[in-house]
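Me: I would like to learn how to read the features of a model from its coordinates. Please take them one at a time.

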Amino acid sequence: MAQPTHPRTPSTLFRPLGALALMLALGRPALADMQLQAPELSPGGRLPPAQVYQGFGCEGGNQSPALHWNGAPQGTRSFALTVYDPDAPTGSGWWHWIVYDLPASTQQLPADAGKASAPQLPTGARMGPNDYGSASFGGACPPPGDKPHRYIFTLHALDVEQLALPAKPSAALIGYMIKAHSLGEARLEALYSR
């Protein structure tokens with residue numbers, strides 16, 4: 001009598017891992033290949049007054065910084081940009097800016113591109129809601145006396161030209177769709193306290 005064979009033999013169990021290794025070897029650039037830079041920000045340095053919120057007791061310019069990037073992974077069809085404070089005392093952090101559907105040809109955004117009244121974004125790009133309640137850039141405004149908060153600027157390279165989102169998506173839904181289509185990301189972190 002022949003021995004029964006299990007459908008998941010070692011060769012079939014390791015086949016997906018081999019395909020993953022091959023895909024990685026064939027060329028998606030490592031995370032370090034994509035770089036995000038901002039002339040006004042020094043990595044790990046203090047956010048300048050231009051990027052501080054105007055309101056809630058904070059006095060600043062409430063302007064998004066000029067940003068530029070390079071080294072996007074092969075297959076990038078669009079970009080998304082997020083600015084997030086994981087140290088906000090909310091239990092879920094604080095979204096300061098979300099931009100998505102940036103065309104793959106985009107390599108920079110000018111200073112104050114996230115202005116609500118007259119955004120300077122490429123055609124087709126959209127802004128999602130920040131936690132101040134508007135679809136715009138919202139600057140840093142941590143509670144007085146709190147430890148320095150981290151403001152993480154993340155550029156996401158995506159494998160689709162546009163995210164399939166409703167007209168007024170939540171920040172969480174946008175974040176979910178970004179992660180679902182990510183090819184890689186580059187980060188820039190700055191600090192601020194008052």
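What follows goes through the sheet, the disulfide, a helix, the cores and a few single residues.

Me: What should I know about the model before reading it?
Reply: The model is predicted; local features need pLDDT of at least 70, side-chain atom pairs count only at pLDDT 80 or more, and totals for chains, interfaces and linings use all residues. Residues are numbered from 1 along each chain as its sequence is written, and side-chain values use heavy atoms, with hydrogens and water left out.

Me: In which order do the five strands of the open sheet lie?
Reply: Helices (H or I, at least four residues) and strands (E, at least two) are DSSP runs numbered from the N terminus, and two strands pair if DSSP finds at least two bridges between them. Here the order is E6-E4-E3-E7-E8, with antiparallel pairing. Strand E6 (126–127) and strand E8 (182–192) are the edge strands, each pairing on one side only. E4 and E6 are joined in the antiparallel sense over two bridges, and Val 99 stands opposite Met 127 in E6.

Me: How many disulfides does the structure hold?
Reply: A disulfide is a covalent bond between the sulfur atoms of two cysteines; the criterion is a pair of cysteine sulfur atoms within 2.5 Å. The structure holds one. It is formed by Cys 58 and Cys 141, with sulfur atoms 2.1 Å apart. The link of Cys 58 and Cys 141 is right-handed, with 90° about the S-S bond. Cys 58 lies in the loop between strand E1 (35–37) and strand E2 (67–70), and Cys 141 in the loop between E6 and strand E7 (149–158), so the pair ties together parts 83 residues apart in sequence.

Me: Are Cys 58 and Cys 141 buried or exposed?
Reply: Buried means under 20% relative accessible area, exposed over 50%, and partly exposed in between (1.4 Å probe, protein chains only). Both Cys 58 and Cys 141 are buried.

Me: Which residues of helix H2 are buried?
Reply: An α-helix has 3.6 residues a turn, so residues three or four places apart point the same way. In helix H2 (residues 171–180), the buried residues are Ala 171, Ile 174, Met 177 and Ile 178. They cover an arc of only 130° around the axis, which puts them on the same side of H2; the arc is that of the directions from the helix axis to the C-beta atoms. The face turned away from the buried side carries the exposed residues Ala 172, Tyr 176 and Lys 179. The buried residues of H2 pack against E3, E4, E7 and E8.

Me: Which residues have the most contacts inside the largest nonpolar core?
Reply: A nonpolar core is a set of buried Ala, Val, Leu, Ile, Met, Phe, Trp, Tyr and Cys residues joined through side-chain atoms within 4.5 Å. The largest has 34 residues, and those with the most contacts inside it are Leu 36, Leu 81, Trp 97 and Phe 153. E2, E3, E4, E7 and E8 each give two or more residues to this core, and the largest share, five residues, comes from E8. A second, separate core of 11 residues includes Ile 98, Leu 158, Val 160 and Ile 174.

Me: Where is Asp 87?
Reply: Asp 87 is in the loop between strand E3 (78–85) and strand E4 (94–103). Asp 87 is buried, at a relative accessible area of 14%. A polar contact is a pair of N or O atoms within 3.5 Å; within protein, one must be able to donate a hydrogen and the other to accept it, and residues adjacent in sequence count only if both atoms are side-chain atoms. The side chain of Asp 87 makes such a contact with the side chain of Arg 150 (2.7 Å).

Note on methods:
Contact means heavy atoms within 4.5 Å.
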